[in-house]
Amino acid sequence: MQFKISTKHAGIAAVVLSMLMGIVLVSYDESLKKLNEYVHQDCGMPDDICPVKNAVPVQALPAFLIDAGIFGLGLFLIFYDKAS
C-alpha cells in the first residue's frame, strides 16, 4: 500500500506544526527570561542597558529561525502548483 499526500496537505501540516512549535518557543522564551531575571536580580546595571533584561535569550534565536523556515516552507508548499 502506497501512501500519497498532496503538496497542499504537506504545506498545511508544516504550517500547523510551525504554529504549535511557535507556541512552545514563546513559552520557553518566557521561562528563560524569568530565569535570567532571577539569576541576575542582584545586577547593578540599569534596566534600560542590561542585556539580560532587554534581549531575547540567545538559546531561543536558532529555534525561532528554524520555526520561521518551517512556516515559510509550509506556505510555499500550500501555494506550489506542479502544473506550472
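Select S18 to begin: you'll find this residue in helix 1, residues 7-39. (Helices are DSSP runs of H or I with at least four residues, numbered from the N terminus.) This is a predicted model, where local features need pLDDT of at least 70 and side-chain atom pairs count only at pLDDT 80 or more, while totals for chains, interfaces and linings use all residues. Residues are numbered from 1 along each chain as its sequence is written, and side-chain values use heavy atoms, leaving out hydrogens and water.

Is S18 buried or exposed? S18 counts as buried because its relative accessibility is 3%; buried means under 20% relative accessible area, exposed over 50%, and partly exposed in between, with a 1.4 Å probe and protein chains only. Now show D67, I70 and F71: leaving aside neighbours within four places in sequence, these are what S18 contacts (heavy atoms within 4.5 Å).

Next, select helix 3, residues 60-79, which packs against helix 1 at about 160°, the axes being 7 Å apart. (Axes are lines fitted to C-alpha atoms over the stretch in contact, and angles run from 0 to 180 degrees between N-to-C directions.) So helix 1 is roughly antiparallel to helix 3, a label for angles over 145 degrees.

Last stop: the one aromatic pair in the structure. Pick F76 and Y80, whose rings sit tilted, 5.4 Å centre to centre with 40° between the planes. (Rings of Phe, Tyr and Trp, the latter by its six-membered ring, pair if their centres lie within 6.5 Å; planes under 30 degrees apart are stacked, over 60 edge-to-face, and the rest tilted.) F76 is partly exposed at 49% relative accessibility, and Y80 is partly exposed at 39%.

Terms used: Helix = DSSP H or I, 4+ residues; strand = E, 2+ residues; numbered from the N terminus. Parallel < 35°, antiparallel > 145°, perpendicular 65-115°, else oblique.
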